[in-house]
Structures are given as structure tokens and as C-alpha cells.
Amino acid sequence: MRQTPVYYYSSTSGLVRAFAERLERPVLNLAEREHRLSEVDGPWVLLTPSYKTGNPANDTIPEAVRRFLSSPVNRRAMVGVMGSGNRNFGTHYQMACREIAARSHRPVLFEFELAGTPWDVARCREVLAELDEALALAHDAPVAG
Ligand SMILES: Cc1cc2nc3c(=O)[nH]c(=O)nc-3n(C[C@H](O)[C@H](O)[C@H](O)COP(=O)(O)O)c2cc1C
């Protein structure tokens, strides 16, 4: 069965990368130019931290994520969004993940703080495995009508 790849952004502190690398599936770092400028070949999931910048728009979406989502091919094939954040940011908690999900009409599949706990990793693996199965079924289903 196809394992839905996770495209993530992680800054130099590497918290999201530490989480992503424990998911036991293909994960691609959008901090790398090669991945940031690529186009997907099937369904994929976004994993993004939120970074409050203090600019007037209170924008929290990392530039690399924005760049990757500027491709219509990538936007269309995105099936869900996951977020890493920090509750200390109050009303801005998980803002990037939630905003992208709302704007693209895709579900928030999973949220965790910082690099996540071992429980978070285990639960996220389950969520993604369920997604793999649902996508495989959808792919095999005969077209109605
Ligand atoms: C300058 C700065 C701004 C941040 N802004 C937010 C925020 O608005 N909302 C949130 O939930 N987390 C916020 N965070 C927390 C990060 O999203 C969180 O620590 C994440 O795990 C960082 O991932 P990374 O180390 O892979 O870049 C902020 C962290 C920093 C350092």
C-alpha cells in the first residue's frame, strides 16, 4: 500500500524534523530547495510549525510552506494538514496549520507541541496509516454512475 508522504518545514531548531523522522514513512523537508521547488506525484500531507513574526498581518506560515503551496498541482493533491506549535502563543497556537486547513478546505489531521511526545508519534502513525487505507480504498473504488 502507498504510504502517503509527509512534506514538512522545520527551522534550525529542528523540532518538527525530529518528529517527522520518527513517522516511519517518506518525509521530505521543505527547508531543502530541491523539495520546496518540486511538485508531488500523488496525495500528500503537510506538517508545519507556526511562526508568529509580529508583522501587521500576524502571519505565521513559514515562507517555504507558502512557496510549496504556490503550486496548483501541490495544492490540489494535499489531503490534510498537521501542525506543531507551542501553547504559550495563546490565540496564535497552531495558527499556520489551522489557517492553511481552513483556506484549503482540508482537515487538520493531527496537532502536537514542539517535537511531540512518544504518544504523539504513535498516535500520528495510526492517523496516517488510516489515511493510507482510506486513500487506497478510494483509489480502488469503481466510479459511480
Ligand atoms: C519566534 C517563534 C514564534 C513562534 N510562533 C508560534 C505561534 O504563533 N504559534 C504556535 O503555536 N507556535 C509558535 N512557535 C512555536 C513553534 O512553532 C514550535 O516550537 C515548533 O515546534 C518549531 O518547529 P521547528 O523547530 O521544527 O522549526 C513559535 C516559535 C518561535 C521560536
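In these legends, Ala, Val, Leu, Ile, Met, Phe, Trp, Tyr, Cys and Pro count as nonpolar, Asp, Glu, Lys and Arg as charged, and the others, Gly among them, as polar. This is a predicted model, in which local features need pLDDT of at least 70 and side-chain atom pairs count only at pLDDT 80 or more, while totals for chains, interfaces and linings use all residues. Residues are numbered from 1 along each chain as its sequence is written, and side-chain values use heavy atoms, leaving out hydrogens and water.

**View 1. The shell around the ligand.** The shell holds seven nonpolar residues, eleven polar ones and one charged. Of these 19 residues, Ser-10, Ser-11, Ser-13, Tyr-51 and Ser-84 come nearest (a residue is near if one of its heavy atoms lies within 4 Å).

View 2. A polar side-chain atom of Tyr-51 is 2.5 Å from a ligand oxygen, and an N or O atom in the Ser-11 side chain is 2.7 Å from an oxygen atom of the ligand. At Gly-14, a polar backbone atom lies 3.3 Å from a ligand oxygen.

**View 3. A pair of aromatic rings.** The whole structure has five aromatic pairs, meaning rings of Phe, Tyr and Trp (its six-membered ring) with centres within 6.5 Å; planes under 30 degrees apart count as stacked, over 60 as edge-to-face and the rest as tilted. For Tyr-7 and Trp-44, the ring centres are 5.4 Å apart and the planes stand at 80°, so this pair is edge-to-face.

Notes: Polar contact = N/O pair within 3.5 Å; in protein donor to acceptor, adjacent residues only side chain to side chain.
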